[in-house]
Amino acid sequence: MQLGMIGLGRMGGNIVRRLMAKGHDCVVYDQSMAQVGALAEHGATGAASLDALVGELKAPRIVWVMLPSGAITEETVQKLGTLLEAGDILIDGGNSFWKDDVRRAKELAEKGIRYVDVGTSGGVWGKDRGYCMMIGGTKDAVEHLDPILSALAPGIGTVDRTKRPADADPRPEQGYLHTGPSGSGHFVKMVHNGIEYGLMQAFAEGFDIMRHADSPLLPEEHRFDLNLPDIAEVWRRGSVVSSWLLDLTAMALAEDPALDRYEGSVADSGEGRWTINAAIEEAVPADVLTAALYVRFRSRQEHTFAEKLLSAMRHKFGGHVEAPKG
């Protein structure tokens, strides 16, 4: 299939590379023409503007926006709404707020443009591992996109299969799911990221406790000098807490046991806040997720080893680089 990609950063560029490796045609645009040129050298069709990108696409056009949430995505979607035609599909694969998706889908539907929100997880590893996708939109639009979505998804791989009903939707096993109408994809991804905050915080605090097991505050016979890289490594095998986050934690600790390269100032990209707001609106208690979010706020004032580990994990799975020291 043919797809237009707008935004060629850590995620957008790798999505294009994975699609082209699977035989799909991509037209690409970014404010950085160097990024456009780099992908054009590998077979993509470069475009110098949104108008040019749309002009290169065959109807029904498929345009994927992979930009930071907020004003730049809103402006791009609004502009595309004036360029696309009835029957075309506009995808937002970034981390937009789900209520914005509901509004945009309604506005674009009046022009016959189909809007699909794709919550995309996989970070900088997605090009090789594949992307887990949570997809909101109409049934016909999502089915039309299936060749693209299935190419981006990781597939069953080596993950143990769950015993599921014979008539169960096969797509979740492949790593992608039509969650419901527009907005639902980013809603599910929002909660996914809120949970991610909690999991990361649990690892960070646990390793911080072990790092201070030799504290002079403890009686000498109660002190332990623990090898954190080795502990992370042994937990990866057979442990209840084994996970990809633990894999990345082990990698970071093996490279830099003291995590000296990380200051410990931990950013939040919005989804954690939105998750807590959703919990408040639904009157659902979310103690762990709320606490994890507030730790990130505090980390910008003073830093502990736990915050350094959070920074290390974010760098490993998403390529997020914190501000340099000093």
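1. Axes here are lines fitted to C-alpha atoms, for helices over the stretch in contact, and angles run from 0 to 180 degrees between N-to-C directions. The model is predicted. In it, helix α10 (residues 184-211) packs with helix α12 (residues 244-255) at an angle of about 40 degrees, and their axes are 11 Å apart. The angle therefore makes α10 oblique to α12.

2. The crossing of α10 past α12 is right-handed. On the α10 side, the contact is formed by Leu199, Met200, Phe203 and Phe207; α12 supplies Leu245, Leu246, Thr249 and Leu253. Of the residues in this contact, seven are nonpolar, one is polar and none is charged.

3. The largest nonpolar core comprises 32 residues, and the most contacts inside it belong to Met5, Val28, Trp64 and Met133. Another core, of 24 residues, lies apart from it; Phe203, Leu248, Ala250 and Tyr262 are among its members.

4. Neighbours within four places in sequence aside, methionine 5 is in contact with Gly12, Ile15, Val16, Val27, Val28, Tyr29, Leu53, Trp64 and Met66.

5. Alanine 312 belongs to helix α15 (residues 305-318). Is this alanine 312 buried or exposed? Alanine 312 counts as buried because its relative accessibility is 0%, and the cut-off for buried is under 20%. Residues up to four places away in sequence not counted, alanine 312 touches Ala252, Leu259 and Tyr262.

6. Alanine 312 and lysine 99 are separated by 213 residues in sequence, and their C-alpha atoms are 31 Å apart in space.

Terms used:
Residues are numbered from 1 along each chain as its sequence is written. This is a predicted model: local features need pLDDT of at least 70, side-chain atom pairs count only at pLDDT 80 or more; totals for chains, interfaces and linings use all residues. Side-chain values use heavy atoms; hydrogens and water are left out. A nonpolar core is a set of buried Ala, Val, Leu, Ile, Met, Phe, Trp, Tyr and Cys residues joined through side-chain atoms within 4.5 Å. Buried means under 20% relative accessible area, exposed over 50%, partly exposed in between (1.4 Å probe, protein chains only). Contact means heavy atoms within 4.5 Å. Helices (H or I, at least four residues) and strands (E, at least two) are DSSP runs, numbered from the N terminus. Angles under 35 degrees count as roughly parallel, over 145 as roughly antiparallel, 65 to 115 as roughly perpendicular and the rest as oblique. A crossing is left-handed if the near helix is turned anticlockwise from the far one by less than a right angle, and right-handed if clockwise. Ala, Val, Leu, Ile, Met, Phe, Trp, Tyr, Cys and Pro count as nonpolar, Asp, Glu, Lys and Arg as charged, and the others, Gly among them, as polar.
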